[in-house]
Amino acid sequence: MALFSLLIAIMIERLKLLPASWQFDSMLAKYQSLFWKDKQLDSAIWVSVVILIPAVMIFLLLVLLDGLVYDLMTLLLWVAISILCFSHQTLRNNFKKYMLAACRGDVQACYHYAESLDCAECLDAIDEKDLGQQIGKTVAWVNYRYYGAVALFLIFFGPVGAVLYCTVRFYDQHNQLNQLNMPFISRLLFLLDWLPSRIFSFGFVLSGHFASGIAEWRKQVFSASNHPKNIVTRTAIAAESIPESTSAPVCVQPTLALLALSKRNFILLLTVLSVLTIFGVVS
């Protein structure tokens, strides 16, 4: 189910068939505005309730649908959850606008769209090349946070795991954007990212320049307190390889290199999942 669901979700996401209002973050924003108030999120008990309800609902649905119509209903739920969790058209549109601005030489617009890709970190690039490097790191991180991590949770924990991860990720971002004081949410996301970030970053090693990538990966992964973003981005930078001859603008070259590396890494993940499915390790 995991492989089929991922393939369908990727196809739907690429074709932009899912309306923005039906994407997971949009639905969680409605869930937050309709049922909860920001002041309730100051309590650890309420935070636990808020982030657990979506995952518990999916778990109950899986139990109710188990065995119905030869498990066809369960498969449809897997596919539906995968599509919801993988659709992020706002991110894609912002990245497209950044690339268009870079190609026409509009550096100010590049900085503007670059900041919208990762609101958790302010860019302080000193020149166009440095901007391209930082956006490349952001691309690698966004690719992990919104696609790689979700895929790993879906593979190992099913739709319940994917929904739980996406919910915690949403509330961590909600906490930062609204300057709230949500207890333990950032720490919980750190724990959820701890192992997947190490697995996914190793994919960069296998998909890129192995020697420099594995050297950096070994430096990063054996520190238990190292932030997952450092592991993913620094390993990706070490494993990237920029073509010697390219006509792309300076502020785009590192970005394109890391984007290509991220795509190869995700293809590697799908290939490994295919092999595991063939041998019956993953259902």
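Visitor: What conventions apply here?

Guide: The model is predicted, so local features need pLDDT of at least 70 and side-chain atom pairs pLDDT 80 or more, while totals for chains, interfaces and linings use all residues. Residues are numbered from 1 along each chain as its sequence is written, and side-chain values use heavy atoms, without hydrogens and water.

Visitor: How is a pair of aromatic rings described?

Guide: By the distance of the centres and the angle of the planes. Rings of Phe, Tyr and Trp (its six-membered ring) pair if their centres lie within 6.5 Å; planes under 30 degrees apart are stacked, over 60 edge-to-face, the rest tilted. The structure holds 12 aromatic pairs. One of them, Y31 with F35, is tilted, at 6.1 Å centre to centre and 50 degrees between the planes.

Visitor: Where do Y31 and F35 lie in helix 2?

Guide: Helices are DSSP runs (H or I, at least four residues), numbered from the N terminus. Y31 and F35 are four residues apart in helix 2 (residues 24-35), so about one helical turn separates them.

Visitor: Is F35 buried or exposed?

Guide: Buried means under 20% relative accessible area, exposed over 50%, partly exposed in between (1.4 Å probe, protein chains only). F35 is exposed at 58% relative accessibility, whereas Y31 is buried at 13%.

Visitor: Why is the pair of F86 and F266 edge-to-face?

Guide: Because the planes are at 70 degrees, with the ring centres 6.5 Å apart. F86 in helix 4 (residues 72-86) and F266 in helix 11 (residues 253-278) are 180 residues apart, so the pair links distant parts of the chain. F86 is buried at 2%, and F266 is buried at 11%.

Terms used:
Helices (H or I, at least four residues) and strands (E, at least two) are DSSP runs, numbered from the N terminus.
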